[in-house]
Amino acid sequence: MVPKEVLEAMAKPVIHHRTPEFKALFEDCTKRMQKVFKTENELFILAGSGTSAMDAAIANTIEKGDKVLSIVSGKFSERMRDIAKAYNANVTELSFDWGAPVDIEKVKEALTEDTKLITIVHNETSTGVRNPVKELAGLTKDTNTLLAVDAISSMGGDTIETDKWGLDFCISGSQKVLAMATGLAFISVSEKAWETIEKTNSTKYYLDLQKYRKMYPTQTPFSTPVTYIYGLRAALDLLEKEGLENRIKRYTKLAEKTRAGVKKMGFKLLPQTDEICSNTLTAVYSEQASDIKKQLNEKYDILVAGGQAHLKDKIFRIAHMGIITEEHIDKTLNAIGEIIK
Ligand SMILES: Cc1ncc(COP(=O)(O)O)c(C=O)c1O
């Protein structure tokens with residue numbers, strides 16, 4: 001759900017993207033996004049969905065045959081792996097069951113000195129699992145290996161310390177926690193990552209981060225979607241009004257409430273333990289998942305997501321990000337209760 005403040009901002013007349021007025025707006029949004037990311041690294045706002053930032057991280061660092069270690073435990077970590085393969089990386093896949101925790105010891109064993117990049121998804125939206133990115137960053141921080149973290153569905157909604165943890169690429173998108181329309185992606189780039197990028201001769205054009213760096217922080221190398229930047233400013237106003245830490249706490253409360261509510265009705269969660277459960281969505285296991293999802297939509301006008309790949313028809317996923325409130329969660333839990341009766 002996109003709040004009315006954001007929709008109204010996106011209806012404003014469009015100004016030219018090379019004017020001083022727009023440059024000031026763009027710089028302001030960039031600086032404010034850095035605060036959300038807790039980073040002083042350069043942070044680029046890209047015209048594209050979240051996947052464009054995943055693509056940018058890999059396209060700018062990978063030459064044919066470079067070693068990439070992809071940690072795979074859901075649909076979106078598979079996507080990181082597939083992008084690396086598309087850029088002809090030599091990919092080692094380290095897989096964990098969907099819903100299982102990532103075992104850092106196994107990552108340690110798989111990591112070699114010549115691993116150029118590790119890819120991981122912080123908040124696996126397809127399974128509702130939060131992965132141990134801080135611990136993983138501990139393995140790469142003082143090495144030549146870069147770490148690319150997809151935080152598309154958790155940035156701003158869970159604790160992520162881009163600089164303190166040492167994340168080389170941290171990636172997010174506009175349509176999740178920010179409750180903005182789909183269409184913008186964000187990527188922060190560490191100094192260590194720049195050293196590699198500058199030495200890498202890879203195939204890229206639209207997502208060439210060095211082009212973006214030349215225009216930073218007031219412009220983008222190609223025309224900027226002004227309407228979306230208006231929307232972003234309004235979404236940031238709402239986030240700052242609530243406060244980043246308060247928003248994270250709100251989601252924690254909603255996550256706890258959702259988990260307790262579905263468990264009380266006899267459901268099992270897909271994540272194997274509560275400790276690895278996402279702060280921004282809950283994945284619930286049920287043989288009747290498709291029917292529950294359909295009835296929620298048709299009878300109660302409530303939209304939950306289904307499962308992906310082999311979990312299609314096996315789980316439904318309840319979001320507690322964006323502008324979702326306790327009232328929405330109560331309504332959803334009550335409706336599920338009525339449906340299963
Ligand atoms: C964790 C994660 N990664 C990547 C994506 C892909 O983002 P987009 O659809 O904005 O390209 C999503 C979208 O749901 C996601 O949740």
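Buried means under 20% relative accessible area, exposed means over 50%, and partly exposed lies in between, with a 1.4 Å probe and protein chains only. The model is predicted, so that local features need pLDDT of at least 70 and side-chain atom pairs count only at pLDDT 80 or more, while totals for chains, interfaces and linings use all residues. Residues are numbered from 1 along each chain as its sequence is written, and side-chain values use heavy atoms, with hydrogens and water left out.

**Exercise 1. Determine whether Ser52 is buried or exposed, and state which residues it contacts.**

Step 1. Ser52 belongs to helix H3 (residues 50-59); helices (H or I, at least four residues) and strands (E, at least two) are DSSP runs, numbered from the N terminus.

Step 2. The relative accessibility of Ser52 is 14%, so this residue counts as buried.

Step 3. Contact means heavy atoms within 4.5 Å. When neighbours within four places in sequence are left aside, Ser52 is in contact with Leu46, Ala185 and Leu207.

**Exercise 2. Describe the surroundings of strand S1 and its pairing with strand S9.**

Step 1. Strand S1 covers residues 42-47, and five of its six residues are buried, so the strand is largely enclosed by the rest of the structure.

Step 2. Two strands pair if DSSP finds at least two bridges between them. Six bridges join S1 to S9 (residues 184-189), and the two run antiparallel.

Step 3. Within this pairing, Leu43 has Ser188 of S9 as its bridge partner.

**Exercise 3. Give the strand order of the open sheet of three strands and explain why S10 and S12 stand at the edges.**

Step 1. The order is S10-S11-S12, and the pairing is antiparallel.

Step 2. S10 (268-269) and S12 (315-319) each have a single partner strand, so one side of each is left without a neighbour in the sheet.

Step 3. S10 is joined by two bridges to S11 (residues 281-285). Lys268 has Tyr285 in S11 as its bridge partner.

**Exercise 4. Characterise the largest cavity and the largest pocket.**

Step 1. On a 1 Å grid over the protein atoms alone, a cavity is a set of points where a 1.4 Å probe fits but cannot get out; a pocket is an open set with protein on both sides within 12 Å along at least five of seven lines; lining residues have an atom within 4 Å of a point. Grid points are joined across faces, edges and corners, and a volume is the space filled by probe spheres set on the points.

Step 2. There are four cavities of 30 Å³ or more, and the largest has a volume of about 40 Å³. Its lining includes Phe26, Thr30 and Leu43. S1 gives the most to this lining, with three residues.

Step 3. The largest pocket has a volume of about 770 Å³. Of its 26 lining residues, Met1, Leu303, Val304, Ala319 and Ile324 lie nearest its centre. The elements giving two or more residues to this lining are S12 and helix H13 (326-340); H13 gives the most, with four residues.
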